[in-house]
Amino acid sequence: MDSTQLIAIFGSILLQSAPLIIAVCGETISERAGVINLSLDGSLLLSALAGFAAALLTGSLLLGFLAAAAVGAVFALIVAFGSLHLRQNQVAIGFVLAMLGDSLSAFLGQNYTRLPGPSVPAWHIPLLKDIPVLGPILFRQDAVVYFALLLVGATWWFLFRTRAGLELRSAGERPEAAFTRGVAVRKLRYIYAVLGGALVGIAGAAYSLDVKIGWAEGHTRGMGWIALAIVIFGGWSPLRGALGAVLFGATKALATVLQRSFPQVALVAFNAVPWLLMILVLVLVSGRLAAPLLARAPAALRRPLRGLLQAAPPAALGQPLDDN
Amino acid sequence: MQVQLNTIHKQFGSLVANDEISVQFEPGRIYGLLGENGAGKSTLMKILSGYQQPDRGEIVLNGAAQHFASPRQALAAGVGMLYQEPLDVPVFTVLENFLLGRAHDGERPQQSAKALTQLAGRYGFQVDPHEHTRELSMGERQQLELLRLLAGGAEVLILDEPTTGISAEQKDLLFASMRTLAREEGKTLILVSHKLDEVQELCDYAYVLRKGRLVGGVQLPCPNQELVDLMFDELAPRPARRQPASGDVLLHLQHITVRTPRLELEPVSLQLQAGQVLGLAGLEGSGQELLLRACAGLLPLSGGSLRLGGQPQPDWDYPRARQHGVAYLAAGRLEEGLIAGLTLTEHMALVSNAHGLLVDWPQNRQLAAQHIATYQVVGQPESYIENLSGGNQQRFLFAMLPQNLKLILMEHPTRGLDIRSTDWIWEQLDQRRAQGTAIIFLSADLDEIAARSDQIAVFSGGRLLRSVPAAETTADELGHLIGGAL
Amino acid sequence: MSLSKTRLERVWPLLPGLAALLVTTLLLLAMGTSPVDAYSAMWQGAFGTSARVYSVLAFLVPLLLAASGLLLTFKAGLWNIGIEGQIIMGAVAASWVALRVQLPSGLQIPLELLAAMAGGALWAALAGVLKTRGGVHEIFGGLALNNLAILFTNYLIAGPWQPPEGGSFRGTQPFGAHALLPLFENSRLSLLSLALAIVAFAGVALVLTNSHWGLRLKALGQNARSAFLLGVSSNREMLLAMAVCGALAGLGGGVRVLSWFDSLRQSISGGIGYLALMVVLLAGFRLVLTPLVAFFFSAVLNGSITLQLRTQLHSALGDILTGVLVLLVLLFGNYERVRRAFRRRRSQADG
């Protein structure tokens, strides 16, 4: 395999990971504010369909993405309303929505199956695209990839470097403390849950309009659950989460490459890789394995290792609000 | 700033927390707000600081009536409250906690950090803006909250039981800064406390609450008895403590160490005799919790050995500890001990060691009724445990303890209980002690440790500093010891 | 005022059902299908002939088995989403015996059913061990195991167990008649399996209301920490609850291959596990309601398959009907809670 091939593979890994990165950023924002949106799998499916159908019918990619974002936002709004106003279990509502989104997409999508449709055009960035190695990987992509990359940086900067991000995190960490300092916890949780949901919707359209163009039943099935697992792996940080998404995309790409040189049956084994990987990384970042490992590590290494391995969820994640 | 509270009334369900209370606070003075647990002190102050809204009554600041919908509004009007457990975000840095909720006007973080360190310097506090708040001691977190309120423009400062769980040095520093704030800066200070000595030491005037009502105001200093008479109905005299039975050595710890990601307990060796009470003193997170939990088998020993009744216990864990007659009672009753959603009868059936497949409900109901009578629990066998008051929950926890225990391990056994329940519980423990049960407990209340222990072990920074017979020390001395001063 | 309130309170439980019907009606109209025709097709599909009723009952068996198992795991506070994979592995284990063992029916079938239970229990225990030892939340462990079970089935069908006439991706060769459950009047219903499902449900009901184990599970589900301190071995009880649930689900999977089908197929469960989760959520974890809701789900889904055959409309319509119903009941089912939520909001707006 020569270097051009390798660069092409890296480029395609980035493209494949882009929707996942967007969804992970969206869910990270929501969970940092204290709302678990477990509906991701259904939300991605229905928004992928909505994005594709809207773009097909209107001929406008932008309207496609907007329709998808609206679908994702509505799903998140239902989760937020159910938990913040009606004080119902976020996990239960999210799970039912995941199922419902799946069936809705199957039913509504029956007339859109395998139709040719619009797709996001490639857009090479002048000058930057000519940088050796990095140019072809990073800058000979399309708007979806650039958006995903910018989103990672923007989300990180917003969460950890702005006052609004500070308020967002306080709502997910210790809402009663946030309240005494004048943070409108309930309002913020609504806003960021819905914003996160809209990003998940955009990720859905990124599949149907760019990465896996078109629509078929179960088009993105499973990706929502994987995104949720990556949020945990990412320790609720967009940077680590994006890294997780890219690693995931890389193993998938690797499987695709290896698959060519193996007989048909082994395809099953390659398809199993993401799920085995999901179990593996979750075991790795869970305290059960990390804690004894850390306890044995030399004192000097403990702190950086803890930063890498351990990830405490926002302390008030999924908890209902107490109005006095 | 002058504060007037006029006929404040607040009710939770059928419980009247504040019954038409009217009080007045003048600037430049330090006030004590005294009363037992549940007297309504905290509710009144939460109303003044905007955390809760009164059902009736008004708040008047410098002659102008106010309505606070949130603590933010109260602080904007000049009223700030320091809660018993500092209301900060533990994973944030000191600076982030300072910034959260601070009006900024485009101020850059570096400027805020500078403002914070300058302000801290004025009151003799030392802060590192980039340290994580969870690494700080309770006293330091309190200082940080105080600075935040001052920076936010507080003219009236309310401190709710601020001396629980801090060292004597930190307490002295806190009291000094409170005096400066009142005398030199003309602020209005309110100290909420149930400790008479503190109020006498610091305050100019004390209001006393009892069962939701204002029962008096006293110019300080005054004889302690005057305050006691106001605070309490007639109290049964505290029963005399039984002398410790001189029993055999029950528990023998040799060089035990415990390791957690946060803290390591350095080697501890001690012996406990049957019927003896060992009190563990120290700031929160100084290692005493680790020792207690290791004795209960809830944390593994990373070194050393534990002997119970002369027998080495190499594979000590919680189920084994239970089998050997060791009981453990955690601080949070509904979090660690009782199960919300289960009735008293179901609790009895759960801990009964019946081996049959099916539960004998009538028998367990009867058992629950018996315990309710014996332990004077206010409740029915069908009551859900979460509907009982804290004191009754603690009584029921004791009711569930098996007879003939060798060792009882307790965290904060009387936290949040009124004085009657507290005395009742120690009476129960005394009876068990007479039968040869040994007790180890930890508490943030140094008075409790000094009064109830035979032997006291003082912890600091993961080390057992000193082990002294209770007769040879006082709560005051303990206060200095737990700060780490030798 | 108060009279109208109680009237509203009285009709309240019906509203989610009506609203769910409204949603599906709108969807049908949007698709240009007459709702009356569609609903009558669904009704016919579920109850039109006695054969259809048998089919509803046959579909009910694995659903009720899985839902019964979930009552146990939910009681212990576990979200056993992995139940789908447990059904599949039960089907795989039963198929293994059916393909590899030759015994008289009287021995063969019990052996197959035992294998099915073992297969499901094993897969559930794996999710349980991942949770108790590996610290992986059962939702994620379970989902991964579900997908691995599906892939494993596909591998078996395409590989070692492919029919001798050549690699079809649809299923294994049909099992011998001696290996299949006796069927009732040429339907897909096995009365034996129905009886087993009823016994399993009754057993679960007894465990949950009157046994020490059921009480320990309840304690664990309400507060695992306190339960541990009161002497409940949380890891052991959790694993046991998972394994028993998996065994029941696996039995359901066995019933799928031995009576609903006659061989191991791709998507052998077809989402029955997820459906069972929805059943228990709609029943609000209440014992009495669970079999009724399961029967209702079974009828709707069988009806919607007929709907698809008649009108070419996707059978997901049935899932949408039940899904919207579950969602609305979860959100608004508790009248008191809804009233409080809105009263709270009004008082906040006033303040």
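**Helix packing and chain contacts**

Student: Which residues of α10(A) meet A:Leu40, A:Asp41, A:Gly42, A:Ser43 and A:Leu44 in α2(A)?
Tutor: This is a predicted model, in which local features need pLDDT of at least 70, side-chain atom pairs count only at pLDDT 80 or more, and totals for chains, interfaces and linings use all residues. Residues are numbered from 1 along each chain as its sequence is written, and chains are lettered from A and ligands numbered from 1 in the order in which they are written. Residues are in contact if their C-beta atoms, placed from the backbone, lie within 7 Å, and helices are DSSP runs (H or I, at least four residues) numbered from the N terminus. On the α10(A) side, the residues that meet those of α2(A) are A:Met223, A:Gly224, A:Trp225, A:Ala227 and A:Leu228.

Student: How many residues of the contact of α2(A) with α10(A) are nonpolar?
Tutor: Ala, Val, Leu, Ile, Met, Phe, Trp, Tyr, Cys and Pro count as nonpolar, Asp, Glu, Lys and Arg as charged, and the others, Gly among them, as polar. The contact has one charged and three polar residues, and its nonpolar residues number six.

Student: What word describes the orientation of α2(A) and α10(A) to each other?
Tutor: Axes are lines fitted to C-alpha atoms, for helices over the stretch in contact, and angles run from 0 to 180 degrees between N-to-C directions. The axes of α2 (residues 40-58) and α10 (residues 223-233) of chain A come within 7 Å and cross at roughly 130°. Angles under 35 degrees count as roughly parallel, over 145 as roughly antiparallel, 65 to 115 as roughly perpendicular and the rest as oblique. The two helices, α2(A) and α10(A), are therefore oblique.

Student: Which element gives the largest share of the side of chain A that touches chain C?
Tutor: The contact takes 34 residues from chain A and 37 residues from chain C. Elements giving two or more residues to the chain A side include α3 (61-85), α4 (90-108) and α10 of chain A. The largest share, twelve residues, comes from α4(A).

Student: Which helices of chain B each supply at least two residues of the side that touches chain A?
Tutor: In this contact, 16 residues of chain B meet 16 residues of chain A. The chain B side divides into four charged, four polar and eight nonpolar residues. The helices of chain B that each supply at least two of its residues are α2 (71-77) and α3 (94-99).

Student: What distance separates the centres of domain 1 and domain 2 of chain B?
Tutor: Chain B is divided into domain 1 (3-231) and domain 2 (249-325 + 402-482), with bounds from an automatic or database domain assignment. Taken over C-alpha atoms, the centres of the two domains of chain B are separated by 33 Å.

How values were computed: Two residues are in contact if their C-beta atoms, placed from the backbone, lie within 7 Å.
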